[in-house]
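Biologist: Could you walk me through this model before I start working with it? I would like to begin with the overall picture and then go into the details.

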Amino acid sequence: MKEWYQKIQSAGCMQELEELRIAILGKKGVLAEQFAKMKDIENKQKAEFAKRLNIAKSEFNKLFNEQKTILQARELESLLKSQQIDVSLYSATSNSGALHPVMQTMEKIVEYFTSMNFSIEMGSMIEDDFHNFEALNLPKYHPARDMQDTFYFKDEMLLRTHTSPVQVRTMLHAKPPIRMISPGAVFRRDYDITHTPMFHQVEGLLVDKEGTVSFANLKFILEDFLKYMFGEVDVRFRPSFFPFTEPSTEVDISCVFCKGEGCRVCSHTGWLEVLGCGIVDENVFKAVGYKDVSGYAFGLGVERFAMLIHHIGDLRSLFEGDIRLLGQFV
Ligand code: DAH
């Protein structure tokens, strides 16, 4: 037995250790061989023999575990050593940085709308209840508030859940006509394969004299925009609900992965939802003191666009800072 103990303690790698484990504790191993001898042993000595074997077995298990811990630590150490970076060292092959794929996508979106004469408006990431909800036709206790899981501060302050409050702020300080987009970070209490607590949206708003803005205008610009972003895709408008627009629709494009045939990404529907939009609800105009106007609005998630454009499966991977992923977007 001693000789086996020594072998375990001198095993130099996990594979060697595993081979020894099989040789000793395996079905056809040394111990199994000994246990098989039990049947030939006299009854009187059987108990003593079995006891000794069981002690040996637990000793072996203990030794294996100890050696495993030592080897794992050694392997980790050598892995860390091999990946060590001397940050003080000058690198002759330094790579140039690049915009994050989400920002690249954001820039492309912004580029389209600025070319269509939309101005860019920025808001604050910390908002109050009035601008984020109330003025957008989302009164307190309205069930639609549950559509957005909010991070709250004290005194009715919160992290904005969408970029729609920038519509409200813009209308409060400017007179129509308005043609604006608002790109920026938004926050929701969500975390899974398609949600992160922080993500980016672009909101759009167009307001002009009553009777001059129609759903047809909205449909035209969004179709044109989506073709600019995704190439030749089919676009469809599906009735939906948003408190700030009436009527409201969600907009789908034909699946960029299967070209509308049906696949896992589009849940075999052939369509991917990419934005929400509609004709601005009268109550929103009332909240900002606008009269005799009409308008359309839309909102989209930038990460979703980036994922679809670059075929990225897990949204969270965009925020892990892994150079192996980001290096592909230089
Ligand atoms: N604010 C909505 C959201 O975050 C997106 C949105 C939908 C904005 C429809 C709009 C709109 O302006 O008309 O889910």
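**Talking through the model**

Modeller: Keep in mind throughout that this is a predicted model.

Biologist: Fine. How many helices and strands does the protein chain have?

Modeller: The protein chain has 11 helices and 9 strands.

Biologist: And what is the radius of gyration of the protein chain?

Modeller: The protein chain has a radius of gyration of 32 Å, whereas a compact globule of 330 residues would have one near 20 Å. Taken along the principal axes, the box filled by the C-alpha atoms is roughly 105 × 55 × 50 Å.

Biologist: What share of the residues counts as buried?

Modeller: Of the 330 residues, 41% count as buried. The accessible surface comes to about 19400 Å², and carbon and sulfur atoms hold 53% of that surface.

Biologist: Let's go inside, then. Which residues have the most contacts inside the largest nonpolar core?

Modeller: Those are Leu222, Phe225, Leu226, Phe230, Leu275 and Phe305, in a core that has 44 residues. The elements giving two or more residues to this core include the helices α5 (101-115) and α10 (302-310), along with the strands β5 (198-209) and β8 (271-280).

Biologist: Which element gives the most to this core?

Modeller: That is α8, which contributes 7 residues to this core.

Biologist: What does Phe230 touch, leaving out residues up to four places away in sequence?

Modeller: On that count phenylalanine 230 touches Ile253, Val256, Val274, Phe305, Leu308 and Ile309. Apart from this core lies another one of 22 residues, with Leu136, Leu138, Met171 and Ile178 among them.

Biologist: Changing topic, where does Ile24 lie?

Modeller: Isoleucine 24 lies in helix α2, which covers residues 14-25.

Biologist: Is Ile24 buried or exposed?

Modeller: Isoleucine 24 counts as buried because its relative accessible area is 0%, and the cut-off for buried is under 20%. Setting aside residues up to four places away in sequence, isoleucine 24 touches Trp4, Ile8, Gly29, Val30, Leu31, Ala32, Phe60 and Phe64.

Biologist: What separates the C-alpha atoms of Ile24 and Thr161?

Modeller: The C-alpha atoms of isoleucine 24 and threonine 161 are separated by 61 Å, and the two residues are 137 residues apart along the chain.

Biologist: Last one, on charges: how many positive and negative charges are there, and how far apart are their mean positions?

Modeller: The protein chain has 38 positive and 45 negative charges, and the mean positions of these two sets are 10 Å apart.

Notes: Residues are numbered from 1 along each chain as its sequence is written. This is a predicted model: local features need pLDDT of at least 70, side-chain atom pairs count only at pLDDT 80 or more; totals for chains, interfaces and linings use all residues. Side-chain values use heavy atoms; hydrogens and water are left out. Helices (H or I, at least four residues) and strands (E, at least two) are DSSP runs, numbered from the N terminus. The radius of gyration is taken over C-alpha atoms; the globule rule is 2.2 Å times the number of residues to the power 0.38. Buried means under 20% relative accessible area, exposed over 50%, partly exposed in between (1.4 Å probe, protein chains only). Accessible areas come from the Shrake-Rupley method with a 1.4 Å probe; for residues, only the protein chains shown count as cover. Lys and Arg count as positive and Asp and Glu as negative; His and the chain ends are not counted. The place of a charge is taken as NZ of Lys, CZ of Arg, CG of Asp or CD of Glu. A nonpolar core is a set of buried Ala, Val, Leu, Ile, Met, Phe, Trp, Tyr and Cys residues joined through side-chain atoms within 4.5 Å. Contact means heavy atoms within 4.5 Å.
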